[in-house]
Amino acid sequence: MTKLFSFFFLTLFSLTIFSQELYTPRNIKKTFEKQTRSKDGKPGKNYWQNGGNYAIDFAVNPDSKTISGKETIDYSNNSPDSLKTLVIRFVNNVHKPTSPRGSRVSKDFLSDGLTIKSLSVNGADYKVNSENWETLYELKLTTALLPKSKNQIKIVWEYPLSKESGREGQIDENTFFCAYAYPRISVYDDYNGWDKLPHNGRNEFYNDFNNYEVSISVPKNYIVYATGVLKNAEEVLQPKALSRFKKSLTSDEIIHVATKEHIQAKKITLQNAQNTWKFSASNITDFTFGVSSTYVWDASSVQLNSKKVSVQATYNAGTADFEKYVEWQKYCIKWFSENWPGIEYPFPTMTAFQGFADMEYPMMVNDTAIPDNFADSRQTVDHEIAHTYFPFFMGINETSYAFMDEGWATALEYLIGEAENGKEFNDKMFTDFRVKRYINDPSTEEDQPVISLSTQVSGSGYGNNSYIKPALSYLALKDLLGDDLFKKALHHYMNTWSGKHPIPWDYFNTMNAGSGKDLTWFWQNWFFSNHYIDLKLDSAKVSGQNLVLNIDNVGGFAIPFDVDITFTDGTVSKKHFTPEVWKTNSTYETAVSVSKKVKSVQLNGGIYLDYTPDDNLITL
C-alpha cells in the first residue's frame with residue numbers, strides 16, 4: 001500500500017511540475033489583460049509602440065575633442081496614456097563623476113558630461129540645469145503629451161569626448177568613435193511605462209525604432225563613417241575618391257577607397273574648411289558615427305537575394321586582421337542570410353571601425369584589432385554582426401533581458417564558426433572561450449535563473465547568464481526540434497516581432513506556436529531553474545545483446561549528449577540523445593544494441609562541458 005501511494009504521489013507531482021504555466025510577472029500579465037500582447041506569442045490587437053523622426057546636425061571639433069549638435073525630434077506618442085513627463089536619455093553621461101557605474105574607472109574615463117543649451121517641447125521652452133542630469137533625466141511637462149499625438153522636441157547641446165575610448169570616445173588624436181552622441185527620448189512601453197533604468201557602463205541598451213536624417217560637420221581631410229546610407233558623397237569626396245567609392249557599391253572586389261598614400265597626400269575629401277556629411281537611416285534603433293583623418297578605407301559589396309549590401313572597413317594602415325575585415329564581413333552577412341538565422345541581412349550597409357569596444361551598433365561594429373590571431377578576430381566580427389538580428393532587427397530590451405540578444409549572437413557565432421573553421425577547431429575555441437569559465441566556476445551566482453533581470457545580476461553571473469547559458473539553450477532547442485522545425489519556429493518568432501519589442505514571454509509563446517509544440521517544460525528547465533550541466537553515468541551493464549545504461553542528470557539542464565561505446569577491438573560506436581530524454585525525469589534508462597564485446601562507455605556532451613566529467617566513464 002505504501003509503495004502504491006508513493007508511486008501515485010510521484011506521478012501526480014511530476015504531472016503538476018510539467019504541466020504548470022511559466023512564472024509570469026504581474027506587469028507582464030497585465031499586457032495580456034490589456035491585449036497589447038497575447039499568449040499565442042503575437043502582438044495583441046491593442047499593441048503599440050512609440051517612436052520618432054530624428055533630424056540631427058552634429059559638429060565635431062577635433063581640437064577641443066567635443067561634439068556639439070542640435071536636433072528636432074518629431075515624437076509619436078502612440079500609447080493610450082497622457083504623458084506628464086518626458087524621459088530624456090544621454091548614455092555618455094556615464095562619464096560624469098557623479099553618475100552611478102557598475103565598476104571603477106580611470107581618470108581618463110571621466111568628463112564633464114552633457115551641456116544642454118536649449119530645450120523645447122511643442123514650442124514651450126524649458127530651463128534645465130545640466131548639472132542635474134545623469135544618464136537620463138525626467139522632465140516635468142507643463143502640458144502633457146496626449147494619447148495618439150504627434151509632438152516636437154528641440155534640443156541644442158554639446159559634450160566632450162572621453163579621452164579613454166571604450167564603446168565610444170577618443171581612439172587617438174585624430175580618430176573618434178561617436179556612439180550614443182545625442183540626447184534621445186527613452187522608451188515608453190506597455191509593460192514598464194517609461195524606461196528609467198540608468199546606464200551603468202555594463203548593461204546595454206533599449207531604444208525605440210526611429211528614422212534618422214543626420215548631417216555631420218568635420219574639418220577637411222576627416223572622413224565620416226556612419227549608420228545608414230551616405231547621401232552626398234559628391235559634396236565631400238574628391239572626384240577620384242568618389243569614383244572609387246561608387247565603384248565599391250556594386251563591385252565584388254575589395255576597393256581601397258582611401259590608402260595611406262591617399263590620406264597623406266590629402267587626396268580624399270574636398271578641401272573646404274569644413275565638409276558636411278549627410279546620412280539617412282530608417283526604422284532603426286540608434287545612429288552611430290566615427291571620424292578619422294588618418295584611417296584607411298576599404299569597401300566592397302555583397303549580393304543577397306533582394307539587394308546588394310555596401311561593406312566597409314576603416315583602420316590603421318597595416319593592421320593585419322582589419323585588412324581581412326571586408327572579406328570576413330561579406331562572408332558573414334551572406335552566411336547569416338542564407339543559413340542561420342536564414343533571414344536576409346535587413347540593412348543597406350555594414351561598416352567596421354577599428355577601436356577598442358568589441359561592440360555592435362546598427363550597421364556598424366567597433367572592434368579591437370587582434371592581428372596575431374585571425375580566428376579570434378574573425379569570431380569577434382561574427383558575433384558583432386550577428387547582433388544585426390538581435391537587438392536591431394528585433395527591438396530587444398538588452399538592459400533587462402540581455403540573454404535575448406547576447407545569447408543569440410553567441411549561438412550564431414558558434415554556428416558560423418563551424419562553417420569557417422571546421423567542427424573540431426570551432427568546438428575547442430568555443431568551449432575554451434565561452435564554456436569553461438562558466439562550468440568550472442561553482443559559485444552561487446553562476447546558477448541564477450537565466451530569466452533573472454540582467455540589471456539584477458553582476459560579475460561573471462551577468463556574463464554567463466547573458467551569453468553562454470542562453471546560447472546553449474538555443475542550441476539545445478535546435479537539437480531537440482531538428483533543424484527544419486527549429487528554423488520554422490525561429491522564423492515565426494523573428495518575423496512576428498521584427499521592428500517591435502519582444503520580451504521573453506513573447507519568445508516562449510511564439511516558439512511554441514511556430515513549432516506546434518508545448519515547450520513549457522523546456523523553458524522551465526533552461527530559463528526558470530538553478531540548473532547547471534552535470535550528467536552522471538550511474539551504471540552500464542551488458543544484458544544479452546543490449547547495453548543497459550542508467551544516466552542521472554545531476555545538474556538538471558536538458559542537454560543533448562552522445563554515448564560513446566568503445567569495443568575491445570578498438571572500434572567506437574556513437575549514439576545521440578536529444579534533450580527530449582529529460583522532459584519528464586532527471587534520470588534516464590536506455591538499452592543500446594551491441595554486437596561486440598564492450599570495453600568502456602562514456603557520456604560525451606560535446607560543447608556542453610560537464611561539471612564532473614570523471615563520473616561520465618565506466619570501464620566494463
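Me: In which sense do E21 and E23 pair, and over how many bridges?
Reply: Strand E21 (residues 349–354) and strand E23 (residues 364–367) pair in the parallel sense, over 4 bridges. Helices (H or I, at least four residues) and strands (E, at least two) are DSSP runs numbered from the N terminus, and two strands pair if DSSP finds at least two bridges between them.

Me: What stands opposite Gln354?
Reply: Asp367 in E23.

Me: Before I go on, what is the model and how are residues counted?
Reply: This is a predicted model, where local features need pLDDT of at least 70 and side-chain atom pairs count only at pLDDT 80 or more, while totals for chains, interfaces and linings use all residues. Residues are numbered from 1 along each chain as its sequence is written, and side-chain values use heavy atoms, with hydrogens and water left out.

Me: ok. What is the strand order in the sheet?
Reply: E16-E19-E20-E21-E23-E22, which are 6 strands in an open sheet with mixed pairing.

Me: Which strands are at the edges?
Reply: Strand E16 (255–258) and strand E22 (359–361). Each has a single partner strand, so one side of each has no neighbour in the sheet.

Me: And how far are neighbouring strands turned against each other?
Reply: By 20 degrees on average, direction ignored. Axes are lines fitted to C-alpha atoms, for helices over the stretch in contact, and angles run from 0 to 180 degrees between N-to-C directions.

Me: Which strands does H3 touch?
Reply: Helix H3 (residues 239–248) packs on the sheet and touches E16, strand E19 (296–303) and strand E20 (308–315). The direction of H3 makes about 140 degrees with that of E16. Contact means heavy atoms within 4.5 Å.

Me: Where does H5 lie?
Reply: Helix H5 (residues 325–338) lies across E19, E20, E21 and E23, at about 145 degrees to E20.

Me: Switching to helix pairs. At what angle do H6 and H8 cross?
Reply: The axes of H6 (residues 374–386) and H8 (residues 406–421) come within 8 Å and cross at roughly 135 degrees. That makes H6 oblique to H8; angles under 35 degrees count as roughly parallel, over 145 as roughly antiparallel, 65 to 115 as roughly perpendicular and the rest as oblique.

Me: Which residues make that contact?
Reply: On H6, Arg378, Gln379, Asp382, His383 and Ala386; on H8, Glu406, Ala409, Thr410, Leu412, Glu413, Ile416 and Glu420.

Me: Last one, how do H10 and H11 cross?
Reply: Their axes come within 3 Å and cross at roughly 20 degrees, so H10 and H11 are roughly parallel to each other.
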